[in-house]
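Please consult the sequence and the model shown here alongside the text.

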Amino acid sequence: MEIVKYEGYDLEALIDQAKKEYGDDVKILSYETETQRRFFLFRRKKYTLFIKIEDKNENFLDLLSKEEKNQEIDQFLTKIEAMIDKKIEPLKEEIKKRSGVSFEPAELPSHARNPLLKEEQFDEFTGDAVELIKLLIENDVDPKVAKMLVKESCGLDIDTNKLDLNTSFFKEALTTAIEKKIKFRGPLKIQKGNFKVIAFVGPTGVGKTTNLFKIASELVINQKLKIAVISIDTFKVGAVQQARSFSNILNIPFYAITDSKNLKKTLQNLNGIDVVLIDTVGRSHYDYWRLGEMREILGGGADFMDISLVLSCNYKNSEALEVVNRYRTFFPIHSLFFTKIDETYKPGILLNLPIKTDIPLSFISVGQKVPEDIRLLNPERVAQYVLGEQL
């Protein structure tokens, strides 16, 4: 799929041009209008038309190629399994005759079905330490991360010569470990007159725009700072209109920018502004071309920019780590901003990701309401979320 943009002063002419170039079935995504002043009392509207181009042949060939590769892999694995069965069958029969041992798989008890919960993996621990490790793993914390954190709150139990918690309270033990192992960004304390730029990047659908305005509300209402918002998300239908509406409610200046040159020029002209918040278009972490395009645009203010990666708590751990690693190849990520904790059953990602990436945690979104559904992350709050306690 490709997004094509047309600009001009006659909307009907732009649509006719798009149909002429891509056919009558071309899909129109949206259009924007900008009123331009030419002479005294004379104004005219400039239109920007966005259309979507589907490449059906390419998609079909891609799918066909993937399907053929999957079939080849399945056929190869089937052959390997048949060869192994053929080799070990005589040996199984011989053992069965001599010992009466059955090779039929027995049904495992529920606690033994998850290999991550095997007792022998944690034989250096005892008592409450083992119970806390199990609880963390049940909440989707990586076993290695769980062991490492619990170890930080343990002492040697003389009776068993194993490690046990120094406290009988799980939250206290986990909070202590998090304080030692995870970095936190802390509150946004910005002095008036100290020009600061914060950009929010991340995949599609994680809530960048909504949470940007939660931060903007905090800075405007509670810290009495002068804020401006810049959006470079001119691709998603309605994104600019949504951001402009939020800005109007807060009575703060708003700019829609499409290139690096204009971004740099706009930032240089924002006299008297304390903080600039930049909203970006959501991009797949596998779309290197689009990520490179976004890096090129942000390059206009990269020298003094603070970049926050926004991630949903309900991502799989492996996928979330992939997102961070791929985004890091394009942007210097200064903090992780989590969203959708209210839609997440097992939030182990709150421990796994900061430990595996060594990136500080900043905020977490707890709902859709602007501005109240946002919390500053700290060790105690992370411990409460992971242990499933009410906040």
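Glu380 and Lys171 form a salt bridge, with their closest N and O atoms 3.3 Å apart; the term denotes a side-chain nitrogen of Lys or Arg within 4 Å of a carboxyl oxygen of Asp or Glu. This pair links distant parts of the chain, since Glu380 belongs to helix H12 (residues 379-387) and Lys171 to helix H5 (residues 170-181), 209 residues apart. Helices are DSSP runs of H or I with at least four residues, while strands are runs of E with at least two, and both are numbered from the N terminus. Glu380 has a relative accessibility of 42% and therefore counts as partly exposed. Lys171 is likewise partly exposed, because its relative accessible area is 25%; buried means under 20%, exposed over 50%, and partly exposed in between (1.4 Å probe, protein chains only).

## Basis of the model

The model is predicted: local features require pLDDT of at least 70 and side-chain atom pairs count only at pLDDT 80 or more, whereas totals for chains, interfaces and linings use all residues. Residues are numbered from 1 along each chain as its sequence is written, and side-chain values use heavy atoms, with hydrogens and water left out.

## Helix H11 and Lys356

Helix H11 spans residues 349-357 and contains Lys356. The helix is mostly covered, with 8 of its 9 residues buried. The buried residues are Ile349, Leu350, Leu351, Asn352, Leu353, Pro354, Ile355 and Thr357. Lys356, by contrast, has 43% relative accessibility and so counts as partly exposed. Just after H11, Asp358 adopts a positive phi of about 60 degrees.

What does the side chain of Lys356 meet in a salt bridge? The partner is Asp142, at 3.2 Å from N to O. Here too distant parts of the chain are linked: Lys356 lies in helix H11 and Asp142 in the loop between helix H3 (128-138) and helix H4 (143-151), 214 residues apart. Asp142 is partly exposed because its relative accessible area is 23%. Lys356 also lies 8.0 Å from Leu321, C-alpha to C-alpha, although the two are 35 residues apart in sequence.

## Other salt bridges

How many salt bridges does the count give? The count comes to 12 salt bridges. Among them, the side chains of Glu322 and Arg326 meet at 2.7 Å, N to O. Both residues lie in helix H10 (residues 317-328), 4 residues apart, or about one turn of the helix. An α-helix has 3.6 residues a turn, so residues three or four places apart point the same way. Glu322 is partly exposed because its relative accessible area is 27%. Elsewhere, a network of salt bridges links Glu124, Lys147 and Lys151.

## A negative surface patch

Glu81, Asp85, Glu89 and Glu93 form a negative surface patch. Such a patch is made of residues with over 30% relative accessible area and no salt bridge, like charges being joined within 9 Å. Asp and Glu count as negative and Lys and Arg as positive; His and the chain ends are not counted. Glu93 is found in helix H2 (residues 56-99), and Glu93 is partly exposed because its relative accessible area is 37%.

## Cysteines

The structure holds 0 disulfides, a disulfide being a pair of cysteine sulfur atoms within 2.5 Å. Cys154 has 14% relative accessibility and therefore counts as buried. Cys313 counts as buried because its relative accessibility is 2%.

Note on methods: Patch = residues over 30% accessible without salt bridge, like charges linked within 9 Å, V, L, I, M, F, W, Y side chains within 5 Å. Areas by Shrake-Rupley, 256 points an atom, 1.4 Å probe, with all protein chains shown as cover. Charge placed at Lys NZ, Arg CZ, Asp CG, Glu CD.
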